[in-house]
Structure formats: structure tokens, C-alpha cells
Amino acid sequence: MKNYKILMGLIGCLLLYGCATMNKNDCLTADWQAIGYEDGGRGYGLSNRFSQHRKACSKHGISAEFNNYKTGYDNGVRSYCTPERGYTLGKNNRGIPTICPADLVEGVRKGYNVGHDIYLQKQALKQELKEHNNVIDAIDDDIAVLIEEREEHEEYLHIAEHGLTDPKSTRLERVLFYTQRNEMRELIREKDNEIDELESTKQPYYDLINSLNNEIRDLDSLPMPKLRP
């Protein structure tokens, strides 16, 4: 509950007011070049992020140093805009970053394209998983119908068995109960066989699902291959 309240407080802060990125002490002791480098290395947009810092510090009467910030940011963003970063973004179907310098864009894009191909492969595998699970669900629905029918036969079986042992039953009623008992036993055996047969048809789909999950896990753990120059 405590963590939930903290989370909701942060969300409210962001939506309603915009949380300050820096407090008074941060602003007083700020190494703006280091802050810029860190922000660039995290992939923040230059103008928007610096504006947040400037507003946070202006509340305390402290000015932000754009030139030093930008120097650090330009260096930091180069550590962010790598083929590996593009690969990670592509694997997660995130957009290609727009903050990258022109000389790094091509490398980021190459990594992104490789990663996005993996994302598309995973989506295709997940679609197969969904289809196999749908088949299993349909089989389970059929089994549920058979179980209901079997339970109904069991009820009639119990009635027949009770009638056979009831001293109030007439001779003719016992004959009928005897016939009913045998019929219900046979019908129950048939339902059991049908249920067992349907259960056995699910196993190949479980095997396929297990194989597909393994393929997805392999894709998730796949390191970025060497890119062609």
C-alpha cells in the first residue's frame, strides 16, 4: 500500500505540476557539464531536459549554465547513440532516437533494423502461440461438454442403483433399473474414452507451445550480431 501511494504521488506530480529535476542543493553544487553528459547518455532531449533543470533552479534564484550543459550533453549523447542502443530499441519496438548526431545515425539505424527484425520474429511466434492456445481452449470446451454429459449419466446411474436396492421397487421397476444401470455404465465408459482421446490430442500442441516459448527466450537473449560496415 505504501509503495502504491508513492507511485500515485509521483504520477500526480508529473501530470499536474511536473516534478522538479533538481533541488536547491543540486542547483548550488551543479556541475552542469557532468549533468549534461548524464542526460545525453540517458537519451533525453536537449531542449526539454535543460528547460526542466532551468525551471527547477530558477525557483531558487539560481541560473542554469547552458553552454557547459550542452558541452557535456553533446559528449553524453554520443555514448547513447550506438548500434547496440538501436538494437535494444528495435527489439522492444521503440522508436529510433531523433537526438543522435548525423555521423552516428546510420550505425544506430543498422542496429535498430536488426533488433526490429527480431521483434517481428517474436510477434510471429507469439501469434502461433495464440493460435495453439486457442486450439487447446476449444478442446477444453469440448471436454467440458463431455464432462457435463458424464455427470448426467452418473446421476441416472445413481438413481438406477438406488432403485435396485430399494425394497419398495417392484419386479418390473428392478428390471428397468437394471437395464438403465447397464446403459449408464456403458455411456460413462464411452464418455471417459472420448475425454481421454481429446486430452491426448492436446499434447502435441503443448509440445509446440513449449518449443515456441524456447524460441522466444532464445531471441530475447540473443546478443547483437556483428553488423556489416
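Asparagine 93 sits in the loop between helix H6 (83–91) and helix H7 (102–165); helices here are DSSP runs of H or I of at least four residues, strands are runs of E of at least two, and both are numbered from the N terminus. The model is a predicted one, so local features need pLDDT of at least 70 and side-chain atom pairs count only at pLDDT 80 or more, while totals for chains, interfaces and linings use all residues. Residue numbers start from 1 along each chain as its sequence is written, and side-chain values use heavy atoms, with hydrogens and water left out.

With a relative accessible area of 37%, asparagine 93 is partly exposed (buried is under 20% relative accessible area, exposed is over 50%, and partly exposed is in between, using a 1.4 Å probe and protein chains only).

As for the overall picture, the protein chain has eight helices and zero strands, which gives the run α-α-α-α-α-α-α-α from the N terminus on. The radius of gyration is 34 Å, well over the 17 Å that the globule rule gives for 229 residues, so the protein chain is more spread out than a compact globule. That radius is taken over C-alpha atoms, and the rule is 2.2 Å times the number of residues to the power 0.38. Along the principal axes, the C-alpha atoms fill a box of roughly 105 × 50 × 20 Å. Of the 229 residues, 27% count as buried. Among contacts with a separation of 6 or more, 74% are between residues 24 or more positions apart, a contact being heavy atoms within 4.5 Å. On the charge side, the protein chain carries 30 positive and 37 negative side chains, and the centres of the two sets lie 13 Å apart. Lys and Arg count as positive and Asp and Glu as negative, with His and the chain ends not counted; each charge is placed at NZ of Lys, CZ of Arg, CG of Asp or CD of Glu.

Now for the rings. The structure holds five aromatic pairs. Rings of Phe, Tyr and Trp (its six-membered ring) pair if their centres lie within 6.5 Å, and planes under 30 degrees apart count as stacked, over 60 as edge-to-face and the rest as tilted. Tryptophan 32 and tyrosine 69 have ring centres 6.5 Å apart and planes at 65°, so this pair is edge-to-face. Since tryptophan 32 lies in helix H3 (residues 32–41) and tyrosine 69 in helix H5 (residues 66–80), the pair ties together parts that are 37 residues apart in sequence. Tyrosine 69 also pairs with tyrosine 73, this time stacked, at 6.2 Å centre to centre and 20° between the planes. These two tyrosines both lie in helix H5, four residues apart, or about one turn of the helix. Tryptophan 32 and tyrosine 69 are buried, and tyrosine 73 is buried too. Ring pairs link Trp32, Phe50, Phe66, Tyr69 and Tyr73 into a cluster.

Finally, histidine 132 is found in helix H7 and, at 14% relative accessibility, counts as buried. Leaving aside neighbours within four places in sequence, histidine 132 is in contact with Tyr205, Leu208, Ile209 and Leu212. Histidine 132 and isoleucine 209 are 77 residues apart in sequence, yet 7.0 Å apart in space, C-alpha to C-alpha.
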